[in-house]
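Q: I'm new to this one. Could you take me through a single part of it, up close?

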Amino acid sequence: MFNSLDLKNVRGQPACFPITTTFTKTFIAMDLEKAFHMKGGLGDNSYANNSSLQVPPGIYDEQGVSINKKSIYISERSPSGVAEAFLRQFQEDWSFFLKSRSEEIVSGGKMVLLLLGRTGPYHVDRNSSIYWEMLYQSLATLVTQKRKSWEGYEMNFYAPSKEELEEEVRKEGSFKVEMIEKFEQGIDIGSGGNRYSSYGQAVAKTVRSIQESMIAHHFGEGVLDKLFHQYAGVADREMAKHGLGSTHIVLLLTRL
């Protein structure tokens with residue numbers, strides 16, 4: 001896919017691009033302007049220092065209690081205000097991300113981004129929400145006797161649609177969308193020397209790599225092995241019944 005873009009850097013060699021699945025901290029130790037068409041960036045606007053992901057404050061009531069009591073993400077059980085709060089937080093974060101990158105990338109410079117997304121306008125999209133629904137089920141099973149604890153855990157994640165991404169790029173105004181494509185992908189349990197005994201184990205390891213530090217902070221490290229063993233079993237059963245996959249969106253943006 002990237003070869004088909006036929007893009008060159010300032011030396012006429014194939015261009016390199018930062019690829020991300022979320023807005024996270026990254027360190028790039030190189031001549032950014034020459035190799036990446038980037039100008040650098042300092043302080044809060046630095047690509048290396050900027051990270052604005054957070055649980056949307058709109059899901060909490062005046063007493064600071066989550067209105068999303070029976071979920072940890074957007075689900076069929078969530079009040080309508082939950083999806084709206086996650087969307088507003090995404091719009092704020094995505095716009096800030098674009099503004100910050102615009103201060104680093106020279107005019108005409110290009111940026112490729114790879115993000116987890118969803119297939120359409122409906123927020124409870126199976127390819128994105130099912131992984132957090134399985135985490136919710138695993139947590140609920142593991143800490144049934146401590147119900148208040150898991151009800152306080154919320155995901156700092158949002159899977160945007162193509163339309164939401166394009167609309168915020170247009171509104172922010174620093175970039176032009178040259179290309180945006182959506183595709184689905186699964187996990188190959190046979191890769192890496194047959195590391196995984198099942199699809200569920202592969203999915204559990206992937207989700208653990210994303211959520212481990214936050215779950216450990218909320219529940220303690222002692223819960224991790226049992227939790228993701230439980231998660232692997234839930235994922236195997238879900239795979240057998242309905243199958244599992246994920247939706248990705250790739251964007252090629254040009255700095256105006």
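A: Let's start with the core. Of the 52 residues in the largest nonpolar core, the ones touching the most other members are Tyr 73, Trp 94, Met 134, Leu 135, Phe 228, Tyr 231 and Leu 251. Such a core is a set of buried Ala, Val, Leu, Ile, Met, Phe, Trp, Tyr and Cys residues joined through side-chain atoms within 4.5 Å, where buried means under 20% relative accessible area with a 1.4 Å probe, protein chains only. This is a predicted model, so local features need pLDDT of at least 70 and side-chain atom pairs count only at pLDDT 80 or more, while totals for chains, interfaces and linings use all residues. Residues are numbered from 1 along each chain as its sequence is written, and side-chain values use heavy atoms, leaving out hydrogens and water.

Helix 2 gives this core its largest share, nine residues. Among the other elements that each supply at least two are strand 1 (110-116), helix 5 and strand 3 (246-255); helices (H or I, at least four residues) and strands (E, at least two) are DSSP runs, numbered from the N terminus.

Now for Leu 251. Leaving aside residues up to four places away in sequence, Leu 251 touches Trp 94, Met 111, Val 112, Leu 113, Leu 115, Leu 165, Met 179 and Ile 180, with contact meaning heavy atoms within 4.5 Å. There's also a second, separate core of five residues, including Val 112, Met 179, Val 250 and Leu 252.

Notes
Buried means under 20% relative accessible area, exposed over 50%, partly exposed in between (1.4 Å probe, protein chains only).
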